[in-house]
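Open the model in your viewer and keep the selection panel at hand. The tour goes stop by stop.

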Amino acid sequence: MRQREISRREFLKLGVAGMAVLVLPIGCGRPGAGGARGKMNREGQPSTNDDGRFFDDHQYATIRALTGVIIPEDQDPGAVSAGVVDYIDYMLGAFEVDPPRIYAAGPFSGRHGGEANFGDYLPLSRVQEISWRMYIQGSQGIAEREFNGPVVGLQEIYATGVTQLDALSQTQFGADFVDLTPAEQATIKKAADKDFINVVFQNTVEGMYAAPEYGGNQEMMGWKYVNYEGDRQPIGYSRAQIELSDPTGVLSSRELDEVVQILRLAFAPYKDQLL
Amino acid sequence: MKSGNPDVVVIGSGAGGGVSAKVLAEAGLKVLLLEKGPNNYIGLDNPDGITGNHMGNDELKFYVRNFVDMDRRIEPRTFRTSAGDDAVVTKVNTLATTVGGGTIHYDGNSPRCTQRDFRIKSIYGALEGTMMDDWPISYDELEPYYDRAEKAVGIQGQALINPYEEPRANPYPMKPGYQKYHSLLLADTATKLGYHPYPTPIALNSVAYGGRPACANCGFCGSHGCAINAKGSTAVTVVRDALLTGNCELRANCFVYKLNANANGTAIESVEYIDPNGQKVTQAAGAFILAGNPIESARLCLLSATNAFPQGLGNSSGLVGKNIMFHSVYSVFGLYAQRVHNYRGRVGTLGMDDLNKPPQPGDPNPPFGGGVVEFGAQLHPIGEALFVPLAGKLHKNLMRYSPFRDHMADITFIAEDPPVPTNMIDLDPTVKDVYGFPVSRITYKQHPNDQLVAQTSIPKLKQIHRETGAYFILAVPLAITNGGVPDTKHILGTLRMGNDPTTSVTDPYGRFHDLSNLYNSDGGVFVTSTGFNPTLTIQALAWRQAERIAG
């Protein structure tokens, strides 16, 4: 193994500097308006922690709109209301704070008793840090991250993705992605790079339904609309809540038909594997 | 042996290694327990009780961000279905990489095997294309060790209900906890159809036990570490016991990459590992126990190849890494109008062994094998959204109903897969891990018999749903969620035990035929995969082996 010649602290600084070099040419400065953005999502409830964001204002607005196409608003809140873009922004900026915003400490959130510890984060082991820096920042030519060759990080994937969304939007509709109608945005999403959209889908789902301490699922909007109680420790569930079917939410046959339709659609690609 | 060196180095702190450490340390031997992953407990060696942990009901952290699961970014694996194919980098049956290993994120299901499972060849005869064989030990020999393991990790269960149960010297240490609606719904029908459901033996406290509290039924067992230490992971039970003796030292974040044999290759002298700071360390000891898991243990033997032993250490049979088994796992879902809220409570509280019984008279050409049936599942919203990846309005509709989390009752069928020598792990020629070493390449294809077992068993499970009144039934192989690559969390074989050094790697106590002081105490020694969840059997075998080593 290569001997490390620099201290961990110096290494952290190098990592951040490398990131800036990589991303700045395509229009990413340090965000200065984090608080104001928080207000856009949380209607007068400024975010409690705006350290360690990544996106500039345009990237933020663009990804916010894209998450809204993936999980739209209807009679229930969608990804925009739930602040999913804040989750993604914090994830991309995870290493701007120490310990990085990767693993909430636990074991309890305080929502159902116990000391609230989800807001604190755990220090990473040496190899965990390599893994998460690879994932978020990319390998950037750093030898210990390139044991299987160069890796493109999420920060670059998002920055490039936004640029490409805008290029597609300009070509098709003559405006940036954020300025399109929802229907036009949906069209662009279909035409956009599949790998990029898959990454945003995965991260949008995470931000919609993860514990709110990670920045998304604000006011537990993602949990409430799906009738889900979230983390329950240490109170857990009572005997009756376990042993009896909860009478709320019995599906009508029309609703069951709708579920079956969704399932048939979802499993159509696996038709030959169904037993 | 130099003074100050441990008597035994145990590599891996999961199901087998944790038990090895406890039994050896309590017998007075000096044990060094090396674990590749971090220690997520505070005060594991505190005599007054464990001070804290880093677990929690956090789906993002555990299910998505691999807080305990092996991280495929830094420890990739490659997979192919036959030797002629190029292997692709993908997730292949990862287990938790942390103090406690796979027992941190397992459901806790802890059935014993039956005599049938150890006598599979005698019962069914040979099966073409396999190395199917009887085990070199019997249920009766293992029974006292099942008993010790059940008490040490704390198993809840109810004896004398399951008609296929083997004789037990003692009752379960704890009675079953609350039943789960999901399980009751299906077991009730199964009983009417003539099957024999019984409370699933689980390593979860139904009452305070071993200084740990009763389970709160939070619903975060599978994939997650227990927030309140009610799950009997090896970390909070046997590893803690080992540490409390004062004879065991635990070193976390230490990756062992090499075994060094003596000149004539008859014994191991030392291991080499990378410490938490990335430095290489060489550690001598009197004996060594491989307990990483059957993939990693075989890989370590292969990584330790030298000019004198180019096939890897312990490999005169040529069978190291061969005959890997994963079980074939199927999910049979039924859609119900009422809520089944499977995300509450233990994964499944009832199961049945009726599909794992020996063939009956008048049952011509029975398929080899079968397996345990579990009534239950556990899924949370991120899992649902990723399992059925739909966007837009369809996503909202799906999630409002959350069928897989709230309205689909699941019957899980864990079917025995036979030992096939071409199903194997070896070293990938190009892909490396974060430590710079070749990763495991897994070659695995289902045996035709596996399809036969599915064809005869799945219709019976569908019938249970039909009779229960399911609106819609969906049966899928579990691998569908992982691109067709096995992700059963059951990893067995690769270092099979036996009496004949030409057809097995280890002896009936899990000691390598080739090396007088090298042992395996994970699922590597399994001769066949059996029809049951393997953890308790791994623990019983580790216990029996450790008593032998301690003399």
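**Stop one: a pocket**

Nonpolar residues number 15 in the lining of the second largest pocket, next to five polar and six charged ones. Nonpolar here covers Ala, Val, Leu, Ile, Met, Phe, Trp, Tyr, Cys and Pro; Asp, Glu, Lys and Arg are charged; the others, Gly among them, are polar. This is a predicted model: local features need pLDDT of at least 70, side-chain atom pairs count only at pLDDT 80 or more, and totals for chains, interfaces and linings use all residues. Residues are numbered from 1 along each chain as its sequence is written, chains are lettered from A and ligands numbered from 1 in the order in which they are written, and side-chain values use heavy atoms, leaving out hydrogens and water.

The pocket's volume is about 910 Å³. Select Ile70(A), Lys189(A), Ile197(A), Ala391(B) and Gly392(B): of the 26 lining residues, these are the closest to the centre. A pocket is an open set of points on a 1 Å grid over the protein atoms alone, where a 1.4 Å probe fits, with protein on both sides within 12 Å along at least five of seven lines; lining residues have an atom within 4 Å of a point. The volume is the space filled by probe spheres set on the points, which are joined across faces, edges and corners.

Now colour α3 (57–70), α7 (182–191) and α8 (194–209) of chain A; each gives the lining at least two residues. Helices (H or I, at least four residues) and strands (E, at least two) are DSSP runs, numbered from the N terminus.

**Stop two: β10(B)**

Select residues 268–274 of chain B, strand β10. Six of its seven residues are buried, meaning under 20% relative accessible area (1.4 Å probe, protein chains only). Strand β9 (residues 255–261) runs antiparallel to β10(B), joined by six bridges; strands pair if DSSP finds at least two bridges between them. Val256(B) has Tyr273(B) as its bridge partner. In the turn of this hairpin, Gly265(B) has a positive phi of about 70 degrees.

On to β11 (residues 280–284), which pairs antiparallel with β10(B) over five bridges. Val271(B) stands opposite Gln283(B). Gly278(B), in the turn, has a positive phi of about 90 degrees.

**Stop three: Ser521(B)**

Go to the loop between β20 (518–520) and α14 (535–550) of chain B. Is Ser521(B) buried or exposed? Ser521(B) counts as buried because its relative accessibility is 3%. Its side chain makes a polar contact of 3.0 Å with that of Ser20(B).

Key:
Buried < 20%, exposed > 50% of the residue type's maximum accessible area, 1.4 Å probe, protein only. Polar contact = N/O pair within 3.5 Å; in protein donor to acceptor, adjacent residues only side chain to side chain.
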